[in-house]
Amino acid sequence: MAERGRPRAFDRAAALRRAMETFWEFGYEGTKLTDLTAAMGINSASLYNTFGSKEQLFREAVSLYDRTAGSATNRALREAPTARAAVEAMLRGNIDTFTDPGTPSGCMIVLSATNCSHQNRKVAEHLAWWRRTSVSELEKRLERAVEEGELAPGTDVRSIAAFYATILHGLSIEARDGVSLERLRSTVDHAVTLWDSLVRQPAGQR
């Protein structure tokens with residue numbers, strides 16, 4: 001029998017994953033403490049003792065998302081043999097995640113703090129940092145393509161990275177709105193066909 005007053009042991013990793021899914025579905029401000037404790041199977045004291053605060057828990061959940069469900073972008077940039085293939089794999093891999101019936105729709109990093117109140121501005125800024133980091137990694141992959149000769153010198157890698165990041169964020173919103181995977185794939189098809197025209201235009205001519 002457990003000692004009276006001792007907090008009940010729980011699986012921290014499993015609880016964090018359930019917190020991630022709750023924040024992903026309802027957003028930071030839409031998620032109440034009672035939603036978290038119910039999903040995680042713990043009481044509020046255990047939540048605060050283990051994770052510190054709702055915001056700290058959210059930050060851990062975002063990091064977990066980036067390493068797991070939200071890893072399509074990093075995986076594509078790391079594994080695809082060319083920059084063009086990386087962009088296409090990034091878009092296609094993400095829409096598969098965005099529409100997976102086993103998880104909330106869309107992207108947690110795009111959707112979970114889009115309309116925060118002033119008191120939670122640090123949460124919104126934290127997600128903005130994640131999005132900027134993702135765009136920066138895409139830009140670095142395009143710069144590597146220039147160095148390797150896949151893209152011509154003078155290619156406007158910053159604008160191309162921003163363009164495809166904007167497409168990706170829009171796909172996330174569309175998925176949350178219930179747009180079908182078939183339609184999202186069609187959008188990706190069109191975005192990929194623009195690659196050749198985008199990379200042929202030197203910086204300053206777009």
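# Helices, a pocket and a cavity

User: Which residue just after α8 takes a positive phi?

Analyst: That's Gly149, with a phi of about 90°. Before we go on, this is a predicted model, where local features need pLDDT of at least 70, side-chain atom pairs count only at pLDDT 80 or more, and totals for chains, interfaces and linings use all residues. Residues are numbered from 1 along each chain as its sequence is written, and side-chain values use heavy atoms, with hydrogens and water left out.

User: What makes something a helix here, and how many does the protein have?

Analyst: A helix is a DSSP run of H or I with at least four residues, a strand is a run of E with at least two, and both are numbered from the N terminus. By that rule the protein has 11 helices and zero strands.

User: How do you know what span to expect for α8?

Analyst: The expected span is 1.5 Å times one less than the number of residues. α8 has 27 residues, giving an expected 39 Å, and its first and last C-alpha atoms are 39 Å apart. For α6, with 16 residues, the reach is 22 Å, close to the expected 22 Å.

User: Why does Glu182 count as exposed?

Analyst: Exposed means over 50% relative accessible area, buried means under 20%, and partly exposed is in between (1.4 Å probe, protein chains only). Glu182 has 65% relative accessibility, so it counts as exposed. You'll find Glu182 in helix α10, residues 181-193.

User: Which residues of α8 are buried, and what do they pack against?

Analyst: Among them are Val123, Leu127, Trp130, Leu138 and Leu142. The buried residues of α8 pack against α4, α5, α6, α7, α9 and α11. Across the 206 residues of the protein, 40% count as buried.

User: What share of the contacts joins residues at least 24 apart in sequence?

Analyst: A contact means heavy atoms within 4.5 Å. Among contacts between residues at least 6 apart in sequence, 68% join residues at least 24 apart.

User: What makes a space a cavity or a pocket?

Analyst: We use a 1 Å grid over the protein atoms alone: a cavity is a set of points where a 1.4 Å probe fits but cannot get out, while a pocket is an open set with protein on both sides within 12 Å along at least five of seven lines. Lining residues have an atom within 4 Å of a point. Points are joined across faces, edges and corners, and the volume is the space filled by probe spheres set on them.

User: How many cavities of 30 Å³ or more are there, and what lines the largest?

Analyst: The count is one, and the largest cavity holds about 40 Å³. Its lining is Met90, Ser134, Val135, Leu138, Ala165, Leu168 and His169. The elements giving two or more residues to that lining are α8 and α9.

User: What is the largest pocket like?

Analyst: It holds about 250 Å³ of space. It has 18 lining residues, and the closest to its centre are Asp66, Gly70, Thr73, Ile109 and Ser134. The largest share of the lining, five residues, comes from α8.

User: What classes of residue are in the pocket lining?

Analyst: Nonpolar covers Ala, Val, Leu, Ile, Met, Phe, Trp, Tyr, Cys and Pro; charged covers Asp, Glu, Lys and Arg; the others, Gly among them, are polar. The largest pocket's lining has seven nonpolar, eight polar and three charged residues.
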